[in-house]
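User: I'm new to this one and would like a close look at a single part of it. Could you take me through it slowly?

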Amino acid sequence: MQLLQISNLEQPEVLRLKNVWKTYPGGYQAVKGISFCIRRGECLGLVGESGSGKSTLARCLLALERMDEGEIWLNGRPLHKLTSAQLYQARREMQAVFQNPSGSFNSKLTIMDSLLEPIRCQNKGCPSFLGSPGMSEWKIASSLLERVHLPASYLDRYPSELSGGQKQRVAIARAISVEPSLIVLDEPTASLDVSIQAKVLNLLKDLQEELCLSYLFISHDLSAVHFMSERLTVMQRGEMVDVCEGKDLFDSR
Ligand SMILES: Nc1ncnc2c1ncn2[C@@H]1O[C@H](COP(=O)(O)OP(=O)(O)OP(=O)(O)O)[C@@H](O)[C@H]1O
């Protein structure tokens, strides 16, 4: 653990949040002055009871929700100062995997089209981790599926023909396809069978190590957070009440 922390400290900061506030119409303060940073290759766990503001914070970060106050820096760029058009571009450097894989797919698109959507939208070619730049779309898509241990034969299927765990693997493949600076994982295993949860967590961990990915991992499941994260932050009623090393939380139980 110590070695990992030292090597992480040498990594550049990918994300920094400073004093982020969000109040919903009606006056409910869901996020109150949250600050943290994530370095390249690091997974920061975010835990807290239901309603503590975790998803609101994630949505502010992903620009799906407008924060009222605060600063969000992504790779040294101040997202809070960007115009809407600039923010739309910058936002592409972040990807997300949400709890419900079914909600992440257009039921009318094949898995291949869903998988390639971000690459096509961003006019990107083959991800550098797949190697050769001249790959056909089919080869890119099948190689991405291979990365998440799914066969190429699934490319022609529709989301309704895949299990929840398989869909979540496709969502993960899609998230890594554009080589994002940060992936927000908002309860990515909560809707899956217990037997599948561990496999998906292992996959996320392996990909993080192979591709030096940075994650914000939001979960109710402390053992999952412990497995995934080097550090974790705890939210309560919109506030950050603790930041600790993953192992410290478990040592004190
Ligand atoms: N659109 C909204 N309008 C008003 N209040 C909202 C809205 N979205 C969320 N809230 C409130 O903000 C608070 C924080 O919600 P949020 O979904 O961020 O919590 P959470 O920690 O992610 O919870 P969970 O773990 O159950 O998903 C809750 O009290 C919720 O009712």
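This is a predicted model: local features need pLDDT of at least 70, side-chain atom pairs count only at pLDDT 80 or more; totals for chains, interfaces and linings use all residues.

Analyst: Lysine 199 counts as partly exposed because it has 16 C-beta neighbours inside 10 Å; a buried residue would need 20 or more, and an exposed one 12 or fewer. As for where to find it, lysine 199 belongs to helix H7, which covers residues 194–211. Arginine 169 is 30 residues away from lysine 199 along the chain, yet their C-alpha atoms are separated by 10.0 Å.

Now follow the chain past that helix. Cysteine 212 sits in the loop between H7 and strand S8 (215–218). Cysteine 212 counts as exposed, because it has 12 C-beta neighbours inside 10 Å. Its backbone is worth a look too: phi of cysteine 212 is near 55°, a positive value in a residue other than glycine. Most residues other than glycine have a negative phi.

Asparagine 75 also has a positive phi, near 50°, and it isn't a glycine either. You'll find asparagine 75 in the loop between strand S4 (69–74) and strand S5 (77–78). With 15 other C-beta atoms within 10 Å, asparagine 75 is partly exposed.

One more stop, for context: the ligand. The residues surrounding it include Tyr24, Gly48, Lys54 and Thr56. Helix H2 (residues 54–61) gives the most to this shell, with three residues. By type, the shell splits into three nonpolar residues, seven polar and one charged.

Methods
Residues are numbered from 1 along each chain as its sequence is written. Helices (H or I, at least four residues) and strands (E, at least two) are DSSP runs, numbered from the N terminus. A residue is near a molecule or strand if its C-beta atom, placed from the backbone, lies within 6 Å of it. Ala, Val, Leu, Ile, Met, Phe, Trp, Tyr, Cys and Pro count as nonpolar, Asp, Glu, Lys and Arg as charged, and the others, Gly among them, as polar.
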